[in-house]
Amino acid sequence: MAEFDFRNKINWRRRYRSPQGLKSEHEIVRIFESDRGRIVNSPAIRRLQQKTQVFPLERNAAVRTRLTHSMEVQQVGRYIAKEVLSRLKERRLLAEYGLDELTGPFESIVEMSCLMHDIGNPPFGHFGEAAINDWFRQRLVPADATSQPLSGDRCQVAVLQLHEGEEALNDLRRKVRNDICQFEGNAQGIRLVHTLLRMNLTWAQVGGILKYTRPAWFTGPTPESHSYLMKKPGFYLSEEEYIVRLRKELSLDEYCRFPLTWIMEAADDISYCVADLEDAVEKRIFSAEQLYQHLRDAWGDHQSGDLFAQVVQNAWDKSMTNSMQRSVEDQFFMYLRVNTLNKLVPYAAQRFIDNLPTIFPGCFNHALLEDDSPYSRLLKLYKNVAVRHVFSHPDVEQLELQGYRVIKGLLDIYQPLLLLGADDFRLLVEEASGRRLPIETRLFHKLSGRHRLAYIEAMSHVNRNDAVFPVWEYYYRCRLIQDYISGMTDLYAWDEYRKLMAVE
Ligand SMILES: Nc1nc(=O)c2ncn([C@H]3C[C@H](O)[C@@H](CO)O3)c2[nH]1
Ligand SMILES: O=P(O)(O)OP(=O)(O)OP(=O)(O)O
Ligand SMILES: [Mg+2]
């Protein structure tokens, strides 16, 4: 009996209208081709072209957006996947691991996970995330939802305040308050592909983007054994039932990850570390020569023949000889990227293979490129230089503050929808508000139909007479607002904000 049988992991079935019975290799390949079509053609992928990677609202099209970044991650992911499979083939392990007829799907799942990995990111990246969470935290104050009701609970929403003697309801209120204040791009990605866009992808393909395994409502310390995997929230209460099923379909224990996700994560790390620096040069934040100096200074002790010499020094030396008669900057980045990939990709692939005993069940509690090797040190070097010299650049920080302000401003504008009682909100949903609620009606009309449908569908499963009804209703209303605002591109959010503030 093989140690790892990937046929039990690469589950090609779907939640709805799934292909039935046994499938040939050819048929399984077609199922994953169908996933590719669904992903590449989805509006959420297209919206990535106007979302920030590092530089918000960038007009220079040579600077990366989330979409061009994701295409690069896809390429690196494919390279790692091929490397893993070639190594297994050399060691005659493909058949033993149940992969001999699944190499195509293996690569495809990795590629598409990479292309989708940022699909749920809100406008303005981490600043958008922070703005959403700060705004809701000020109103729901999850810290006051302690084990017993507090007399001075600062939660501004009456239906979410805890009450003496209502244990079960209080548990739900506590969960909801925490969940709503933990908006996170990866969790939103799961919600987007499953609930909002109903892409009905294979279980394996969704497994590939479940990056963190902490429920968003989770409070208290995470188990040491899964601390890395639970570093951030990975899914919301609204998708809890779906994730339970996903885990079952992929044979994953609680808080465990799908094996191919480690490859997506490594591809992202390898890809953006050089790309962010290249974009900074394109933006004239520093020159290639200044960057080379920053990298030299940050590496510290130089030894001839060490990884820095093989990758960075070598790239610089080659670009200086400039045998191709091209710009030094272009040459430098070409060599830097090639040298970096040539070192980090094989290393990530080998780490994946060496750690299969814990990666296969999903409990390897690190990133592939996070250890005390020179390879991880190189990755960290790039990231440190970016943090010190790029992300903290005054122009970048100025735009980030504006992005934060825009998201908070939009939430303020839509706040009237969250101040309504459940009955009034129902009038809006049923288009029955007449001339009452003029502002709320207009705000409601601006929400996307797709998001409104998700609210209606979620509420159709909650009985109006149940005590939990007002809590779930408010929860899904908050989700609706977060879905709408996080689904905007940077530019759309910026334009909406200005229009609704009536400044133009
Ligand atoms: N503008 C900006 N400010 C930050 O504080 C920051 N931190 C990380 N990043 C970029 C790096 C990767 O491309 C990508 C993933 O980390 O996001 C940032 N970008
Ligand atoms: O690319 P981002 O902005 O999602 O940032 P990250 O460094 O990939 O972080 P995460 O682990 O939250 O996806
Ligand atoms: Mg990410």
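## The pocket and ligand 2

In this predicted model, ligand 2 sits in the largest pocket, where a pocket is an open set of points on a 1 Å grid over the protein atoms alone, reached by a 1.4 Å probe and with protein on both sides within 12 Å along at least five of seven lines, and a molecule sits in a pocket if more than half of its atoms lie within 2 Å of its grid points. The space taken by ligand 1 is likewise the largest pocket.

## Contacts of ligand 2

The shell around ligand 2 (residues with a heavy atom within 4 Å) includes R66, H126, E184 and Y272. Taken alone, ligand 2 exposes 340 Å², of which the protein buries 86%, with areas from the Shrake-Rupley method and a 1.4 Å probe.

## Contacts of ligand 1

Ligand 1 is surrounded by Q53, V54, Y272, D276, F391, V396 and E400, and α10 (261-282) and α16 (394-419) each supply at least two residues of this shell. An oxygen atom of ligand 1 lies 2.7 Å from an N or O atom in the side chain of Q53, while a nitrogen atom of ligand 1 is 2.8 Å from a polar backbone atom of V54.

## Basis of the numbers

Residues are numbered from 1 along each chain as written, with chains lettered from A and ligands numbered from 1 in written order. Local features need pLDDT of at least 70 and side-chain atom pairs pLDDT 80 or more, whereas totals for chains, interfaces and linings use all residues, and side-chain values use heavy atoms, without hydrogens and water.

Methods
On a 1 Å grid over the protein atoms alone, a cavity is a set of points where a 1.4 Å probe fits but cannot get out, and a pocket is an open set with protein on both sides within 12 Å along at least five of seven lines; lining residues have an atom within 4 Å of a point. A polar contact is a pair of N or O atoms within 3.5 Å; within protein, one must be able to donate a hydrogen and the other to accept it, and residues adjacent in sequence count only if both atoms are side-chain atoms. Helices (H or I, at least four residues) and strands (E, at least two) are DSSP runs, numbered from the N terminus.
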